[in-house]
Amino acid sequence: MYHNNSIRILTGNSHPELAQAVAERLNVPLVPTTVKKFSNGEINVKISESVRDEDVFIIQSGCSDVNDNLMELLILISACKTASARRTTAVIPCFPYARMDKKDKSRAPITAKLVANMLTVAGCDHVITMDLHASQIQGFFDIPVDNLFSEPLMISYIKRHISGWQNGIIVSPDAGGAKRVTAIADKLGVEFALIHRKRDGKSQTAPERMEILVGDVKDKVAILVDDMIDTGKTLMMAARTLHEKGAKSVHALISHGLLSETNMKLIEELPIVQLVVTNTIPQTQHENLCSKLVTIDISPTIAESIRRTHNGESISLLFGDWAEHSNVSVF
């Protein structure tokens, strides 16, 4: 029997393995929850234990069937709210529609803002997410948002698993990731480089190429860092460019390995040593298709953020020495 206001963890169908790993680290069982579809496609949720006056955390990532997973999350939040949960926190390791964060052309929707509104209306009191595509998404909410970073885990991985990193260079495949790579480069005490992607001509069908704007990669261990990989085109072009420019070896570290349209056989053939992603998204299927894919486990970071949130402790400590000195689990 649980006392009032204890940690209760629920999950939908998006990433049950991560939820189970987080629950085991916190030494609390998952609340038995059934999430299934009716024959007409509507989602049915059944929570089999009381969550009245409890501190509820719902772990649901924005991956694969994004719209179904988002709807599951909204219904779970609403169910907990109407079941008199004291606080409902949405733990969203990969935030859905994060790339639609601004009106970059006429009549374009800002869907990330819509998702924020939907979560709030459903009854969410707090959001924990990881490596938002753009930090300003936090401003779309009127409730507290904690944006965790995989950067300390990546730094720890580089130090422990990439030989010759002292003679390395941290590379961003686009200008938008400049802030991320400079922060990592400064903490490692190495140089950084920026790659620019451009078309050979004004036509939309003109061939694309990449050129290095800043930095010299010749005879260095090049470490590509980005927040997301989906089709894999940027990674393929960047890896080949670095190889042609004389990089000794190329490693790629990506926060969210969506890999939804990526041909894993092409990744296998790329001139990279490893493609390192986190398990904000399930990677089991992709790992079976590519021997170069390595997954960093983020469940310790998620579990610690839940524990600190529940106890009213600072989460900012997770971005410093705690993460860099903790063991990085890879599989």
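Guide: One term to begin with: a residue is buried under 20% relative accessible area, exposed over 50%, and partly exposed in between. This is a predicted model.

Visitor: OK, so is Asp-125 buried, exposed or partly exposed?

Guide: Asp-125 has a relative accessible area of 25%, so Asp-125 falls in the range between 20% and 50% and is partly exposed.

Visitor: What does Asp-125 form a salt bridge with?

Guide: With Lys-81; the closest N and O atoms of the two are 3.3 Å apart. Asp-125 sits in the loop between H3 and strand E6 (126-130), while Lys-81 belongs to helix H2, so the pair ties together parts that are 44 residues apart in sequence. Lys-81 is partly exposed as well, at 40% relative accessibility.

Visitor: How many salt bridges are there?

Guide: The count comes to 15.

Visitor: Which residue forms one with Arg-307?

Guide: Glu-313 does, with 3.3 Å between the closest N and O atoms. Glu-313 also meets Arg-308 in a salt bridge, at 3.9 Å from N to O. Through shared partners, Glu-304, Arg-307, Arg-308 and Glu-313 are joined into one network.

Visitor: Is Arg-308 buried or exposed?

Guide: Arg-308 is at 9% relative accessibility, so it counts as buried. Arg-307 has 28% and is partly exposed; Glu-313 is partly exposed too, with 35%.

Visitor: Back to H2. How many residues does H2 have?

Guide: Helix H2 covers residues 66-82, which makes 17 residues. From first C-alpha to last, H2 reaches 24 Å, close to the 24 Å expected at 1.5 Å a residue.

Visitor: Which residues of H2 are buried?

Guide: Among them are Leu-70, Leu-73, Leu-74, Leu-76 and Ile-77; Asn-69, Glu-72 and Cys-80 are buried too.

Visitor: And what covers the buried residues of H2?

Guide: The cover includes strands E1 (7-11), E2, E3, E4 (55-59) and E5 (87-92), along with helix H3 (111-122).

Visitor: What comes just after H2?

Guide: Ser-84, which takes a positive phi of about 70°.

Visitor: New topic: E2 and E3. How do these strands run?

Guide: Strand E2 (residues 33-37) and strand E3 (residues 43-47) run antiparallel, joined by five bridges. Lys-37, for example, has Ile-43 in E3 as its bridge partner.

Visitor: What do E2 and E3 form, and what is in the turn?

Guide: They form a hairpin, with five residues between the two strands. Gly-41 is in that turn and has a positive phi of about 95°.

Definitions and conventions
Residues are numbered from 1 along each chain as its sequence is written. This is a predicted model: local features need pLDDT of at least 70, side-chain atom pairs count only at pLDDT 80 or more; totals for chains, interfaces and linings use all residues. Side-chain values use heavy atoms; hydrogens and water are left out. Two strands pair if DSSP finds at least two bridges between them. Helices (H or I, at least four residues) and strands (E, at least two) are DSSP runs, numbered from the N terminus. The expected span of a helix is 1.5 Å times one less than its number of residues. Buried means under 20% relative accessible area, exposed over 50%, partly exposed in between (1.4 Å probe, protein chains only). Contact means heavy atoms within 4.5 Å. A salt bridge is a side-chain nitrogen of Lys or Arg within 4 Å of a carboxyl oxygen of Asp or Glu.
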